[in-house]
Amino acid sequence: MATLSFKDFKSDQEVRWCPGCGDHAVLASLQRALPKVSQALSYEKERYVVVSGIGCSSRLPYYMDTYGFHSIHGRATAISTGIKVANPWLTVWQACGDGDALAIGGNHFIHAIRRNIDINIILFNNQIYGLTKGQYSPTSKFGAITKTSPYGTVEHPFNPGSLVLGAKGTFFARSLDVELKLNEEIMTAAALHDGCSVMEMLTNCVIFNDGAHKQLSDPALKADNTIVLRHGERMIFGKDRDKGLIFDGKKLRVVHIGEGGFTEEDILIHDAHTDNIGIHMALADMKGPDYPVALGVIRDVRDITYDDGVRDQVKDVMQKSKIHSVDELLHSGSTWEVE
Amino acid sequence: MEHKIIDVADVVIRFAGDSGDGMQLAGSLFADMSAIYGNGLSTFPDYPAEIRAPHGTVSGVSGFQVHIGDDSVSTPGDFCDLLVAMNPAALMANAKWCKRNAMILVDADAFDEAGLRKAGFTTDDPFAELKVQDRNLIVAPITSLTEESLKDSGLDRKAILKCKNMFTLGMACFIYDRPLDYIFQYLERKFAKKHPEAIAPNKKVLNDGFNYAANLQMIPDTYHVAPAHPRKGTYRNITGNQATAWGLLAASEKSGLPLFCGSYPITPATQILEELAIHKSLGAKTLQAEDEIAGICTAIGASYAGNLAVTTTSGPGLSLKTEALGLAVMAELPLVVVDVQRAGPSTGIPTKTEQTDLNQALYGRNGECPMPVIAAHSPAHCFDAAFNAAKIALEHMTPVLLLSEGFLGNGSEPWLIPSMKDYPVIKPPFAKSLPEDGKFHPFDRDENFVPEWAIPGQKGFEHRVGGLEKNHKGVLSSDPANHQLMVDEREAKVQKVADFIPELAVDGPAKGKLLVVGWGGTFGHIYSAVEEVRAEGVQVSRVHFDYIYPVPRNTEEVLMGFEKVLVCELNSGQFANYLRGLFPKANILKFGKVQGQPFLVSELTEAIKKEA
């Protein structure tokens, strides 16, 4: 098998996102991750299908030189599900925005997670409707001032991580558009995960919601406002790597190493593979100013996948059934002869 | 009194009772038994939307009408020869369907004060109140006789009362000279595994019902309907929804593509999904989706991935699928959408039949969005209609809308089992080679305007499809001239389907005063009505449309051969309006009915005679 490179996944279409849009970085990360995934799993390029709904980020399939399906608003997850069930050999990647996946497509999103269908969902979360020019989305902060909320929203946002884990998701990771290395890392982990993988990408909409994730992306602030979780490593963060997370019996708590009697040994070790969804939920829910926002692979556990289940059941029934052709079907059950 | 068996050409029996009284089972057993005996047959289940509607009320009455004949039978019959009414509400709801000389069999035990009031009777004589006191009334204490019959069976009272339908069926079997063997075999098969203890009591109560009717002095004569003389071969009974599912499986076999059905449960289409879920041994994958939209979208995904993809629904579900239908048109992917129509609008009357989704099927999408629309005309014809829908979808790379009806989906008829060797192979236009630029062009077309199908996994054919307008190469385009071209080509592709479907066959002279036109499930009723008026000497021709869009090539020639064209349909004139738009010179008249019920043959004969 020929080794694939970044260029193999780049289509000849002009990328039409706004200059400075966070989506450029996510696209580049995916184009860099897929050659590695292909290498690791011996996947040929024709095996990839990239699916999307509607919105800025949903233009992504046009920029990938793979099979692609740019569908309708909110329905990417249902289309991905159909593709994967019809042909489990294909590897399905999906691009969708916060409005696309969590508002109009919220139903399909939670049910794909519940079924644990083996698809890889990149959820571009810029907390705004970009393509329709600046209305609030289901992830906009409470009180956000937008074109449709000139006096501020009066509704609570979804935290996509809680939604995924609430639906008993088997894989949830989070990253920021600008964190190219981390993006590649979680995309590769998502590809290796057998089941529904959701990657929340916090992206910046430079036109309608510029700086929404500034607290997490600003080089001066990010070390103290984020924590990158890696399986088997201690949950340590901060510019001076002197802060960590402990569990105090009731909840997670941020402590300073070397203060209050806490040593490095007291800091939690991240276990992405534990069945205990409670700790993953607590990690996914963390937000400033009291907590760092968790990045990296928060949960990655094994469970039966829907596509395998469907395929195996068909195989099983095929072996056990006496009906193997339509002619046999037509003559099954009660029939009678007219001489 | 001497007992005579009188030969009759056909009889119509209507079983009616509370929705928990087992009338659907009694009716379908009578039907199956008659089918195996060789009678011509048509059935019509008529039941409420509620599974167990309020006991004893008119809204909770469930009915099953079966029409058997010594020749082929094309409708379930307008009026019945025997009405079985298990309670006063069933009598109240169904007395109007009795012939002048009908027999009415009621369960006397249910006709108490409370039962009469609940059904809305104001006097103590329900028969006089409904003006049916002069019919042949058989008032039998069915509940107490069933209890007496099974008092030593060991069954509890609840289980005993459930056997009332078998007692009644036993009586009906005596009246219509049916041997009980078939039902005995059925009971043995049904209960053998899980409830072997139920076999003996059910048989006993059936026998006791039969003997009770024989000993009752009130049934002097019984009736015999001789077997029809159908074509030689192996037959089975089939419902429309079962036939639809099987026709799709046949198309899967003939195309070599696995079947994928993404659907959401909805009355009266659900049985198609249920039936396909059983037949995984033929490679069918079914996905019970989270909603109607996911039903069609998973199917579109499966189509893109190379399956024969199907979604099944009824009117309200089709409304929800609308946007995705447009996507399938735009992406030019094969897809079969089955709409088993029911009374609308909105939730309407879910268990009742209509043909009111035609406009939605033809026009219910944004933009210029053509797709072939075809219709099934009888329960067994659903097999061929589904097969043809899939063949058109796969060979012309287009979604196809198949219109069925609640009346067809739930109704059944005997079917001469076909052989798959007589069905054509389905050949989708798989992409085989790349053009000179080395890239697959998803919207290049052949002489029938059909694009090629490149399925993910095929090396070198990577391409993108989607809802945005594109040019032939699959590149996004908002160029005005390109949009016009693509709109015209998608329309031309659908129009070209007309070259691959049969022309209309006129029943009767090709020219004359009156042509009666139908489409879909009204076939049997219109056929019977036309035969009846002809027997009275009225000159009339008849034609039936299985293909709605595009219409068969000779449609204009056929319509223009007549002074008047009377379109009979179960809506307010949707097909008539459509034909008027296509053929403004034809003199098209409407005869519509929107009552959630099939036509009565008598209504049709009257309408035809008025115009003839």
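# Getting to know chain B

The buried residues of helix H20 in chain B pack against helix H14 (358-363), strand S18 (512-519), strand S21 (562-569) and strand S22 (588-592) of chain B. A residue is buried when 20 or more other C-beta atoms, placed from the backbone, lie within 10 Å of its own, exposed with 12 or fewer, and partly exposed in between. This is a predicted model, in which local features need pLDDT of at least 70 and side-chain atom pairs count only at pLDDT 80 or more, while totals for chains, interfaces and linings use all residues. Residues are numbered from 1 along each chain as its sequence is written, and chains are lettered from A and ligands numbered from 1 in the order in which they are written.

**Helix H20**
- H20 of chain B covers residues 574-582, and its buried residues are B:Gln574, B:Phe575, B:Ala576, B:Tyr578 and B:Leu579.

**Chain B as a whole**
- Chain B holds 21 helices and 22 strands; these are DSSP runs numbered from the N terminus (helices are H or I with at least four residues, strands are E with at least two).
- With a radius of gyration of 26 Å, close to the 25 Å that the globule rule gives for 612 residues, chain B is as compact as a globular protein of that length. That radius is taken over C-alpha atoms, and the rule is 2.2 Å times the number of residues to the power 0.38.
- The C-alpha trace of chain B spans about 90 × 60 × 50 Å along its principal axes.
- Of the 612 residues in chain B, 56% are buried.
- Among contacts in chain B with a separation of 6 or more, 76% join residues 24 or more positions apart; a contact means C-beta atoms, placed from the backbone, within 7 Å.

**Domains of chain B**
- Chain B is divided into domain 1 (4-224), domain 2 (237-420) and domain 3 (512-611), with bounds that come from an automatic or database domain assignment.
- The C-alpha centres of domains 2 and 3 of chain B lie 25 Å apart.
- Between these two domains, 22 residues of domain 2 are in contact with 22 residues of domain 3.
- On the domain 2 side, the elements giving two or more residues are H14, strand S14 (373-375), strand S15 (399-405) and helix H16 (406-410) of chain B.

**Where chain B meets chain A**
- The contact takes 54 residues from chain B and 50 residues from chain A.
- Helix H12 of chain B gives the largest share of the chain B side, nine residues.
- That side has 25 nonpolar, 17 polar and twelve charged residues. Here Ala, Val, Leu, Ile, Met, Phe, Trp, Tyr, Cys and Pro count as nonpolar, Asp, Glu, Lys and Arg as charged, and the others, Gly among them, as polar.

**A sheet built from both chains**
- An open sheet of three strands runs in the order S12(A)-S9(B)-S16(B), with antiparallel pairing; strands pair if DSSP finds at least two bridges between them.
- S12 of chain A and S16 (412-416) of chain B stand at the edges with a single partner strand each, so one side of each is left without a neighbour in the sheet.
- S12 (336-338) of chain A pairs with S9(B) over three bridges, and A:Glu337 stands opposite B:Thr234.
- S9(B) pairs with S16(B) over five bridges, and B:Tyr235 stands opposite B:Leu416.
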